[in-house]
Amino acid sequence: MAKVVQYFIELMQVALGRTERLSGMPTEKQWYGLLQVSIDHSMQGVIFVGIQRLPQDQLPPLRLKMLFHGQSEAIRLRNEKVNEHCEMVTEYFRKAGFRTAIMKGQGNARLYGELSDARCSGDIDVWVEGGFEKVNDFVQKTCPTKEVNELEIQYGAFPGVIVEVHYRPFIIRNFIYNARLQKFFAEEAEACFGQKEPVNWVTMRFNIIHQLAHIRLHLFTEGIGIRQLMDYYFVLLRSKEDRGEMMEIVRNLGMERFTAALMWIMSHIFRLDDEKLLCLPNEKDGSFLFDEILRSGNFGKSSKELSEKKSTSYGHFWLFFIRNLRYWRFDKWDWICGPLWRIYYKFWKLKRGFE
């Protein structure tokens with residue numbers, strides 16, 4: 001398995017133009033292992049680009065190459081469809097009197113450049129201005145749902161694509177840091193909503209903080225995949241924001257040590273240039289973080305341990321308390337803040353009749 005992971009990383013680097021060939025020749029079994037790792041982390045399209053750029057003597061068996069090609073073509077077609085829906089969603093809310101900005105997803109795909117069609121698309125995350133009461137009132141009148149949480153509302157008005165309507169972009173489960181995060185989003189709102197484009201995309205300044213918080217929280221809750229790491233690679237690669245200023249915000253949100261670990265991954269795995277990093281990398285924490293991410297897959301889908309634990313009462317206790325003690329280095333209080341947050345929002349949802 002170690003060799004498969006090594007070749008997987010090298011193929012990512014080939015796709016990104018950071019190297020030209022693999023360090024060795026995978027066996028047929030290892031090639032199929034590469035396909036599975038790619039699926040687990042929603043990276044099939046990017047890995048296929050890497051395969052296409054390999055020298056002739058390192059190409060995989062034809063049958064496996066065709067499997068990658070089929071998955072890659074499906075990803076390209078899906079991207080076309082989701083891009084069209086981004087414009088539809090934006091115009092729909094604009095006509096209803098709401099300003100919006102598209103987060104993550106296709107906004108990240110735009111940063112991939114020539115690899116934009118290779119990114120596995122997901123749902124559409126749209127930040128809608130107005131706050132919970134106003135946004136929820138509109139959703140319930142137009143397409144009623146009980147699928148509401150502390151961030152978003154599932155909106156079923158667009159067949160063929162999942163739309164998540166965010167009345168706030170994201171949260172940190174520590175109540176003090178969360179208040180600071182919401183203040184940051186409020187300060188950045190006009191720059192995001194105030195554009196007059198067919199689709200408003202959130203700013204790069206917003207992306208740096210929002211997606212950092214997103215990766216960190218999902219590590220603690222359900223796991224995170226390499227696709228989200230690659231998204232962050234392109235955010236850092238394309239952004240021109242002052243790194244010192246951004247790190248002040250990061251420190252204010254209690255994410256400094258996690259960021260140093262993530263910067264090791266950006267530098268060592270993705271080979272991002274030093275001047276693009278937010279801070280000095282922490283190798284020990286970064287290696288630990290990357291191993292955890294490899295095990296969980298995209299939102300924990302490839303981890304049998306996470307799947308099994310979620311199905312039992314003890315498993316939920318384990319997820320909330322025991323497992324997160326492993327991440328003590330990244331947040332000394334999440335083992336208690338996380339469960340307290342869940343209890344608070346459990347009552348919040350019950351009071352409003354949400355699922």
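Where is the place of F347? In this predicted model, F347 sits in helix α15. Its relative accessibility is 56%, and because exposed means over 50%, F347 counts as exposed.

F347 also belongs to a nonpolar patch on the surface.

From the surface we turn to the empty spaces. Rolling a probe the size of a water molecule over the atoms shows where such space is left. One cavity of 30 Å³ or more is counted in the model. The largest cavity holds about 60 Å³ of space. Its lining consists of F170, I171, I172, R173, A213, R216, L217, F220, M255, D331 and D334. By class, seven of these lining residues are nonpolar and four are charged, with no polar ones. Helix α8 (residues 204-221) gives the most to the lining of the largest cavity, with four residues.

The second largest pocket has about 240 Å³ of space. Of the elements, α1 gives the most, with five residues. The lining has 17 residues, and Q6, I9, Q13, H268 and I269 lie nearest the centre of the pocket. The lining of the second largest pocket divides into seven nonpolar, six polar and four charged residues.

Technical notes
Residues are numbered from 1 along each chain as its sequence is written. This is a predicted model: local features need pLDDT of at least 70, side-chain atom pairs count only at pLDDT 80 or more; totals for chains, interfaces and linings use all residues. Side-chain values use heavy atoms; hydrogens and water are left out. Patches are made of residues with over 30% relative accessible area and no salt bridge: like charges are joined within 9 Å, nonpolar side chains (Val, Leu, Ile, Met, Phe, Trp, Tyr) within 5 Å. Accessible areas come from the Shrake-Rupley method with a 1.4 Å probe; for residues, only the protein chains shown count as cover. A salt bridge is a side-chain nitrogen of Lys or Arg within 4 Å of a carboxyl oxygen of Asp or Glu. Helices (H or I, at least four residues) and strands (E, at least two) are DSSP runs, numbered from the N terminus. Buried means under 20% relative accessible area, exposed over 50%, partly exposed in between (1.4 Å probe, protein chains only). On a 1 Å grid over the protein atoms alone, a cavity is a set of points where a 1.4 Å probe fits but cannot get out, and a pocket is an open set with protein on both sides within 12 Å along at least five of seven lines; lining residues have an atom within 4 Å of a point. Grid points are joined across faces, edges and corners, and a volume is the space filled by probe spheres set on the points. Ala, Val, Leu, Ile, Met, Phe, Trp, Tyr, Cys and Pro count as nonpolar, Asp, Glu, Lys and Arg as charged, and the others, Gly among them, as polar.
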